[in-house]
Amino acid sequence: MHELAIAQQLVELAGEHARRAGARRVTRLNCRIGALRRLESDLMSSAFEIARAGTACEEAELVVECVPIRARCPICAQVFAVADWNWRCPDCAVEGEPLPGGDELELISIDADNELTPGAAEHES
């Protein structure tokens, strides 16, 4: 389940960005993940639930933009999304050539604020 390792990295990175910005909690993580990462969305959701516990992201929502694998037909130059690992051009049925992308794993942005997570004690000295 590599989803947990990825979720932990996203939570850590979001927490770092929030701290640098002076925010106390993250309310949303916006990510871009390519199809080549082969993440299962249900497993990713479960992994995020585990990874965010006890962190600045504890109440955060994970929003994932899925980036498809794309290919270009060498005959008609049509660019198309590869679905179900079918690399054939939908018009020519010729096997497409891979285009860059589809392997993204990016934290695009976070939404954060200075509200305390409900139930969290404020520790200021």
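Which residues does Leu10 touch, not counting residues up to four places away in sequence? In this predicted model, the partners of Leu10 are Leu29, Cys31, Met44 and Leu107. Let's step back to the whole chain and then return to that leucine.

The protein has two helices and six strands, and along the sequence they come in the order α-β-α-β-β-β-β-β. With a radius of gyration of 19 Å, well over the 14 Å that the globule rule gives for 125 residues, the protein is more spread out than a compact globule. You can see this in the box that its C-alpha atoms fill, roughly 70 × 25 × 15 Å along the principal axes. Even so, among contacts with a separation of 6 or more, 69% join residues 24 or more positions apart.

Now for the interior. Buried residues account for 30% of the 125 in the protein. In soluble globular proteins, nonpolar side chains tend to be buried together. Here, the largest nonpolar core has 19 residues, and Leu10, Val26, Leu29, Cys31, Phe48 and Cys57 are the ones that touch the most other members. At least two residues of this core come from each of α1 (2-20), β1 (25-34) and α2 (41-52), with α1 giving the most, six residues. Apart from this core lies another, of six residues, including Ile69, Ala71, Phe80 and Cys89.

Methods. Residues numbered from 1 in each chain as written. Predicted model: local features only at pLDDT ≥ 70, side-chain atom pairs only at ≥ 80, totals over all residues. Heavy atoms only, no water. Helix = DSSP H or I, 4+ residues; strand = E, 2+ residues; numbered from the N terminus. Rg over C-alpha atoms; globule rule 2.2 N^0.38 Å. Buried < 20%, exposed > 50% of the residue type's maximum accessible area, 1.4 Å probe, protein only. Contact = heavy atoms within 4.5 Å. Core = buried A, V, L, I, M, F, W, Y, C linked by side-chain atoms within 4.5 Å.
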